[in-house]
2 protein chains.
Amino acid sequence: VAEKRYLMTPGPTPAPPEVLAAVGQPVIHHRGPDFRQLYAEALGRLREVFRTEQEVLLFGGSGSGAMESAVANLCSAGDPVLVVSAGYFGERWAAIASTYGVELDHLRYTWGEIPSADDVAARLREREARAVLFTHSETSTGVVVDPQPFASVAREAGALSVVDAVSSLGAVPLETDAWGLGVVASGAQKALMTPPGLAMLTASPAAWQRSVSAASPRYYWDWERTRKGQSTLDAPVTPPVNLVAGLNVALRMLLDEGLEAAYDRHRRLGRACREGLKAMGLELSSPDDDSSAVVTAARAPEGIDSGELVLLLRDRHGVTLAPGQGELKGKIFRIGHIGYYDVFDITTALAAVELALVELGAEVERGVAVTRALEAFEQTPV
Amino acid sequence: VAEKRYLMTPGPTPAPPEVLAAVGQPVIHHRGPDFRQLYAEALGRLREVFRTEQEVLLFGGSGSGAMESAVANLCSAGDPVLVVSAGYFGERWAAIASTYGVELDHLRYTWGEIPSADDVAARLREREARAVLFTHSETSTGVVVDPQPFASVAREAGALSVVDAVSSLGAVPLETDAWGLGVVASGAQKALMTPPGLAMLTASPAAWQRSVSAASPRYYWDWERTRKGQSTLDAPVTPPVNLVAGLNVALRMLLDEGLEAAYDRHRRLGRACREGLKAMGLELSSPDDDSSAVVTAARAPEGIDSGELVLLLRDRHGVTLAPGQGELKGKIFRIGHIGYYDVFDITTALAAVELALVELGAEVERGVAVTRALEAFEQTPV
């Protein structure tokens with residue numbers, strides 16, 4: 001039985017020791033000067049990471065809470081809403097929107113397909129929508145779309161674009177203001193390298209305006225109450241102070257590295273992971289290009305259940321990868337490379353996959369994955 | 001400037017070092033066996049602390065989230081609801097219920113008054129209600145009511161009793177099943193000695209039945225989704241795994257002490273605090289009896305602003321007490337004695353108050369508070 005643990009899922013992701021140390025500090029009062037200072041710092045740093053001049057609202061909760069916050073503050077029952085889905089988290093948008101009684105139009109792709117802004121534009125010509133809910137990085141499949149054209153076609157149709165950026169924020173480029181995104185929802189437990197329990201959201205002036213007339217009930221996830229509290233650094237409810245302290249450290253580390261450098265690192269990690277998997281003879285199920293910089297998915301070899309592979313890796317070798325979800329259960333496994341990762345995490349994951357596949361009787365080429373991954377990581381980015 | 005910090009507010013409260021150590025451990029995956037085991041343990045221990053055979057639902061978020069969860073899962077817009085308030089957190093019930101568009105009947109006492117079940121019964125005879133929302137321990141005033149007669153009069157009138165037990169759970173007696181409470185909402189950052197970020201709720205079979213027909217939209221705070229996830233230890237959203245690890249340790253400590261012993265300790269801490277404050281000549285604003293075992297409130301001496309006293313204590317002496325909220329701002333200060341507290345925390349608080357009052361020019365009798373507090377703590381409980 002493995003003693004040492006390697007967390008290599010696409011979320012939660014490993015937190016740096018500095019972040020864990022901050023999270024484990026004694027509890028401080030949320031209305032005192034010690035907390036106010038780090039609250040102000042964290043909120044300021046979030047604006048930098050979201051690339052926005054707007055307030056970033058910070059909630060205790062998971063990324064799904066931020067997604068619900070978007071729906072609750074933008075929609076009234078009966079509002080026409082378009083959901084674009086091509087995987088597990090796209091389906092979540094549909095589930096949340098349905099709960100709020102919207103008139104749901106669902107542009108549903110097969111899991112793993114890459115949604116297209118042209119399809120969205122065509123759909124919006126057929127049927128009006130107040131908001132278009134879509135996924136930046138679909139964690140269940142490894143597909144990352146460029147949000148910009150989606151935002152454009154939504155805007156042209158008079159709809160707000162609402163982006164699930166939970167697993168993408170801080171890992172791949174996202175320009176809230178420059179791309180005219182309506183709402184961006186995210187969480188801290190992915191590329192923001194913080195233990196789970198914090199959700200965040202930013203809204204454009206147009207989205208704020210729309211929220212005034214949205215009739216859905218909301219208290220905890222309400223934008224205006226949260227903004228009002230944040231404006232005087234007086235949180236509207238008791239925030240998870242220890243997690244905010246951790247987030248503040250993690251954001252400082254991310255901004256010290258630089259967002260562009262972090263994006264570049266994630267791109268290169270994705271490339272290393274893909275090249276390593278292919279070198280040992282596996283077939284990718286996530287896109288084989290630099291867009292796929294968050295999570296890499298591969299098919300298990302013929303005759304091997306990917307769930308069994310993931311269990312073996314975890315129980316015998318201490319390496320936690322992610323299995324396939326929903327339609328992809330048993331077929332694929334996923335390696336997350338988000339946040340506090342470097343190339344040696346990729347080589348560890350690849351070495352462990354190689355070892356476990358051999359144990360399961362698969363024919364894989366030995367010894368090439370790690371070397372190929374290191375080479376691919378070092379190549380100049382495109 | 002003080003270097004050492006003493007957190008003596010009625011929430012968040014200090015977490016034991018063992019709990020902080022658990023919170024600062026490396027992040028683990030929420031669908032793996034390490035987390036499932038501690039999730040199962042924590043959920044089982046919560047049932048013991050709530051004294052219920054029902055499932056305790058565990059959410060990432062604050063206690064207000066659990067309160068909103070109660071309203072969203074029990075009420076449809078237009079439902080008649082009675083809110084009983086006598087302070088800041090009673091007002092929060094009214095704010096949340098209003099948001100959900102209920103037909104609100106508000107039995108509103110002056111802050112610091114002690115609500116009576118007879119008043120509630122009379123009100124329910126005048127006007128029907130589907131649910132009665134009230135506060136077990138009103139943290140803003142130090143008043144703790146006995147929930148049992150409130151539950152009885154609600155039940156007799158065909159209404160569900162819904163209790164805010166955020167600051168009371170684990171500090172003073174609360175028997176969810178034996179008292180027939182409809183819904184109990186709480187948080188982990190008070191007597192459960194865990195850094196903030198976890199909310200919990202339990203519902204009676206009658207409340208579960210009512211939730212089926214409640215039409216308010218809810219996703220994150222939805223009971224059925226959460227119960228379904230918990231039933232297979234597969235959380236419906238990514239839970240704050242590090243905080244759950246801390247909660248699990250804290251609950252073990254609380255249950256090792258024993259709930260009755262913890263209730264007794266809180267009663268004696270309350271008594272010690274009251275006797276010490278009175279000994280130095282201060283007037284209590286919370287009730288001067290053993291019901292008041294969670295937070296003790298006292299008036300600042302004539303001519304002294306209680307907010308100024310709290311600031312001086314914090315900035316010069318490192319001791320964080322709580323000021324008055326709302327109507328009581330500037331008039332009272334509050335000493336929390338919830339959770340990880342013993343009598344030397346009380347004597348520290350009293351010694352610091354004595355010192356700061358002298359610095360502010362008040363006439364207080366020196367040197368008697370600490371001795372009187374120790375005596376009162378040792379006296380056999382009534």
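1. Aromatic cluster. Rings of Phe, Tyr and Trp (its six-membered ring) pair if their centres lie within 6.5 Å; planes under 30 degrees apart count as stacked, over 60 as edge-to-face and the rest as tilted. Ring pairs of this kind link A:F59, A:Y220, A:W221, B:F59, B:Y220 and B:W221 into a cluster. Over all chains the count comes to 17 aromatic pairs. For A:W221 and B:Y220 the ring centres are 5.0 Å apart and the planes are at 85 degrees, so the pair is edge-to-face. A:W221 lies in the loop between α7 (205-213) and α8 (223-231) of chain A, and B:Y220 in the loop between α7 (205-213) and α8 (223-231) of chain B, so the pair joins two chains. Helices (H or I, at least four residues) and strands (E, at least two) are DSSP runs, numbered from the N terminus. A:W221 is buried at 2% relative accessibility, and B:Y220 is buried with a relative accessible area of 5%. Buried means under 20% relative accessible area, exposed over 50%, and partly exposed in between (1.4 Å probe, protein chains only).

2. Basis of the values. This is a predicted model, in which local features need pLDDT of at least 70 and side-chain atom pairs count only at pLDDT 80 or more, while totals for chains, interfaces and linings use all residues. Residues are numbered from 1 along each chain as its sequence is written, chains are lettered from A and ligands numbered from 1 in the order in which they are written, and side-chain values use heavy atoms, with hydrogens and water left out.

3. Interface of chain B and chain A. Contact (heavy atoms within 4.5 Å) involves 51 residues of chain B and 51 residues of chain A. The area buried between the two chains is about 3,700 Å², with carbon and sulfur atoms giving 66%. Buried area here is the accessible area (1.4 Å probe) that two parts lose on being put together, summed over both.

4. B:D34 forms a salt bridge with A:R5, with the closest N and O atoms 2.8 Å apart. On the side of chain B that touches chain A, the elements giving two or more residues include α2 (33-50) and α9 (241-257) of chain B. α4(B) gives the most, with 4 residues.

5. Salt-bridge network in chain A. The whole structure has 56 salt bridges over all chains. A:R271, A:R274, A:E275, A:K278, A:D288, A:D290, A:R372 and A:E375 are linked in a network of salt bridges. In this group, A:D288 forms a salt bridge with A:K278, the closest N and O atoms being 2.7 Å apart. A:D288 lies in the loop between α10 and β11 (295-299) of chain A and A:K278 in helix α10 of chain A, so the pair ties together parts that are 10 residues apart in sequence. A:D288 is partly exposed at 42%, as is A:K278 at 31%. A:R271 lies in helix α10 (residues 259-279) of chain A and is buried, with a relative accessible area of 8%. Its side chain is joined to that of A:D290 by a polar contact of 2.7 Å.

6. A salt bridge in chain B. B:R123 and B:D105 form a salt bridge, with the closest N and O atoms 2.9 Å apart. B:R123 lies in helix α5 (residues 117-126) and B:D105 in strand β4 (residues 103-108) of chain B, so the pair ties together parts that are 18 residues apart in sequence. B:R123 is partly exposed at 24%, whereas B:D105 is buried at 8%.

7. Backbone points to check. Most residues other than glycine have a negative phi, and most peptide bonds are trans. The peptide bond from A:G11 to A:P12 is cis, with omega near -5 degrees, and a cis peptide bond also joins B:G11 and B:P12, with omega about -5 degrees. A:R51, not a glycine, has a positive phi of about 55 degrees; A:R51 is in the loop between α2 (33-50) and β2 (56-60) of chain A.

Notes
A salt bridge is a side-chain nitrogen of Lys or Arg within 4 Å of a carboxyl oxygen of Asp or Glu. A polar contact is a pair of N or O atoms within 3.5 Å; within protein, one must be able to donate a hydrogen and the other to accept it, and residues adjacent in sequence count only if both atoms are side-chain atoms.
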